Amino acid sequence: MRDPSTSGRRHIPASRPSRRGRAALVTGLLLATGILVGINQPSVGAATAPVTVTVNTRAGLATVPDTALGINHAIWDSQLGSVETSDLLRAAGVQMLRYPGGSYADIYHWRDHTAPGGYVAPGTDFDTFMAGVRRTGAQPMIIANYGTGTPAEAADWVRYANVTKRYGARYWTVGNENYGNGHYGSAWEADHHPDKSATYYANLVVEYADAMKAVDPTIKVGAVLTMPANWPDGLTAGNDPGPWNQTVLTIAGPKIDFVDVHWYPGGTAAESLPRTSHIDDAIHLLRQQIARYAGPNAARIGISLTELNVTSGGMTSQPAALFLADAYSGLLANGVFTVQWWNVRNGIGTVSTVAGQTDYGDYGMFSSGTCTSDGSVCEPPLNTPFASYHGLSMMSLFAQTGDQFIRAGSDQPLVGAHAVRRANGEVAVLLVNRDPDHAHPVTIDYAGFTPSAAAPRVYTHTNGAAAIAAGQSGSATSRTLPPYSLTTLVVRPATVVTGQPGAPGQPTATGVTDRTATISWPAATRGASPIAKYEVYRQNGAVSEQLGETSGSTLTVGNLDPGSRYTVNVLTRDTAGRVSWASPPLTFTTGSPASSTCSVRFTNTTDWGNGYVATVDIVNNATSPINGWTLTWTWPTTWQQVSSGWSANWEQVGTGVRVTGNDDNRQLAGGASTSVGFVGAYSGPNVVPTVFRLNGTLCTSL
């Protein structure tokens, strides 16, 4: 839970930022080309334990869209429309630019280019922004003013953009962080409406969407949600029927095309970098909320993550580059259609030293050339790229439009791994060494892919480096990662295979029980030989487990574990043995038994963002009494725990919870029930358990 009081400072400078003179930038900021000399002999001694990275081409994830790599522009930035800015962003592969800048969106009036209460720099109007978008080669995302605007004003903006000027601006969000309007206590977001509730916001989103799409039916309209396990997720305020996300989705879900969330993990570099492990569960919970509350055809609703940054201890130094590449990869692999860094320029903050490098506490990707208030420390010359720029540049070298993310994993928590498969048969592997002090030797195992013996193309960015080094060296299966570094290997296949069959279409799951599921998929197109069969694989970490095969386009799989999340892919194999790419992923969760001698209802009754009060109701469905009971479950994540409990004896060891009856309720007559409770805590996405055992018997979850 991040402190929402920081958001106003993040989005809205208190005064016009000072500027230093422009310095000429040398060419080659993106790449220092040439053979990599000594890249495998870093100056810091290698860690003793070797790391194994597994890359699994059978485990397909999301495909990289043409909106993937984004960043925020802001109207207080006088360099917003400069050629130099656009060219730097283009060189980094930026595909989407958001405007007019965070919380400024809710005070900005596009027609007269004013933001009452804030500073608007010259040369930052909408047409100038769009000229920069085009020079960058990106697409725009525009935030319609909810806080002090109207649906009519937003509709006029759509008309000007897409009818008058023919800009073809497709993506429009209604407001920015509107839950920060005081409804939950903290207030940084402008909101002049008489009602600050989630209900009021959602109903106005419907009006905005109707008015804007009446002008241009082809646009996509998004609504503001909060990231699961981030404030104010789980909180209900006023007369809203539920928390912000539930309320907004229930009312506005049928009218919107995507949701818009932000993520600032908080903490020091050492604390924020591991939190990329939260991404899979956070996006899973967000999709669950969309599916549960957004009405029919909710699967059409996309997810955009339009503000992302570390919040202390590494904002302009290497932690920002590591976090950016790791988080962008994790989010895009989970199907988020755009990830956008906050922001292009922001200004100097708290200055510190991180891993031997000066960190200026600046949310910007480029230096603003500003100084501390006492003038004692100044940033580098204007437009000097910070480490995050090199992280974004690395992303454009690693994950390109049309690539399919594939599952990759590491057996060392300090080493992250991501991978994509390209249409030309190449596999690109991104390796993130989060260890500031040690190099790590890495061995890379490939499943379903045989790498060429030729040296791979290699891109690396090390701590304090002013550019990404590029060259061709070493082996596709081993590498030593310098401390605090990003490394991308682009690996060719040993043999170029032609005539493969096409991948199956998007699978779906029906008839999901506690033990079985029926998986269906659109048939693939044949290649040079007829299709022989389809193979269904479960992603088990970075390893695939075959669940079955069939010559048809549907398969019922059994022997599944109750209450477990499964991600599966389908592959096509032809009569010549050629194998297709993996299908898009399908994720489903098995349930509990339809009937059992016991039932359990787990209810989160009161939530405050990093903890909650829960009630657990236990029912003896048998006719015979239970004389002494023990209830057990396992938390789905390592960051969930029981803090205290009542009406029973509570114990947690690791992720396992054990609850035993006390003198008042240890005996349960046939058909009787008892209720116990506890205070739970979580420091990441709170995935509720669904599998409970009473005296070893698997219960039905109510």
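Good morning. I begin with helix 6, whose buried residues are covered by elements including helix 5 (198-215), strand 7 (220-224), strand 8 (258-263) and helix 8 (279-293). Please keep in mind throughout that this is a predicted model. The buried residues in question, in a helix that spans residues 244-252, are Trp244, Asn245, Thr247, Val248, Leu249 and Ala252.

Let me take one of those covering elements, helix 5. Two packed helices are described by the angle between their axes and the distance between the axes. For helix 5 and helix 6, the axes come within 8 Å and cross at roughly 30°. Since angles under 35 degrees count as roughly parallel, helix 5 is roughly parallel to helix 6. Their crossing is right-handed. On the helix 5 side, the contact involves Ala198, Thr199, Tyr201, Ala202, Asn203, Val205 and Val206, and these meet Trp244, Thr247, Val248, Ile251 and Ala252 of helix 6. Sorted by class, this contact contains nine nonpolar and three polar residues, with no charged ones.

Helix 2 (residues 83-91) packs against helix 3 (residues 126-136) at an angle of about 40°, and their axes are 8 Å apart. These two helices are therefore oblique to each other. Here, too, the crossing is right-handed. Val83, Ser86, Asp87, Leu89 and Arg90 of helix 2 meet Gly132, Arg134, Arg135 and Thr136 of helix 3. The residues of this contact divide into two nonpolar, three polar and four charged.

Next, the aromatic residues. Across the whole structure, a search finds 45 aromatic pairs. Which arrangement do the rings of Trp521 and Tyr534 adopt? Their centres are 5.6 Å apart and their planes stand at 65°, so the pair is edge-to-face. Trp521 sits in the loop between strand 22 (517-520) and strand 23 (531-540), whereas Tyr534 belongs to strand 23, 13 residues apart. Both Trp521 and Tyr534 are buried.

A further edge-to-face pair is formed by Tyr612 and Phe678, with ring centres 5.9 Å apart and planes at 75°. Tyr612 lies in strand 29 (residues 611-620) and Phe678 in strand 36 (residues 673-682), so this pair ties together parts that are 66 residues apart in sequence. Tyr612 and Phe678 are likewise buried. Elsewhere, ring pairs link a cluster whose members include Tyr99, Tyr108, Trp110, Phe126 and Phe129.

I shall close with the backbone. Most residues other than glycine have a negative phi, and most peptide bonds are trans. Another joins Trp342 and Asn343, with omega about -10°; Asn343 is in the loop between strand 10 (338-341) and strand 11 (352-354).

As to positive phi, His113 has a value of about 55° although it is not a glycine, and His113 is found in the loop between strand 4 (96-99) and helix 3. For Tyr484, phi is near 45°. Tyr484 occupies the loop between strand 19 (478-481) and strand 20 (485-491) and is buried, with a relative accessible area of 5%.

Is Ala439 buried or exposed? At 0% relative accessibility, Ala439 counts as buried. Ala439 and Thr480 are 41 residues apart in sequence, and their C-alpha atoms are 6.6 Å apart in space. Thank you.

Notes: Residues are numbered from 1 along each chain as its sequence is written. This is a predicted model: local features need pLDDT of at least 70, side-chain atom pairs count only at pLDDT 80 or more; totals for chains, interfaces and linings use all residues. Side-chain values use heavy atoms; hydrogens and water are left out. Axes are lines fitted to C-alpha atoms, for helices over the stretch in contact, and angles run from 0 to 180 degrees between N-to-C directions. Helices (H or I, at least four residues) and strands (E, at least two) are DSSP runs, numbered from the N terminus. Angles under 35 degrees count as roughly parallel, over 145 as roughly antiparallel, 65 to 115 as roughly perpendicular and the rest as oblique. A crossing is left-handed if the near helix is turned anticlockwise from the far one by less than a right angle, and right-handed if clockwise. Contact means heavy atoms within 4.5 Å. Ala, Val, Leu, Ile, Met, Phe, Trp, Tyr, Cys and Pro count as nonpolar, Asp, Glu, Lys and Arg as charged, and the others, Gly among them, as polar. Rings of Phe, Tyr and Trp (its six-membered ring) pair if their centres lie within 6.5 Å; planes under 30 degrees apart count as stacked, over 60 as edge-to-face and the rest as tilted. Buried means under 20% relative accessible area, exposed over 50%, partly exposed in between (1.4 Å probe, protein chains only).
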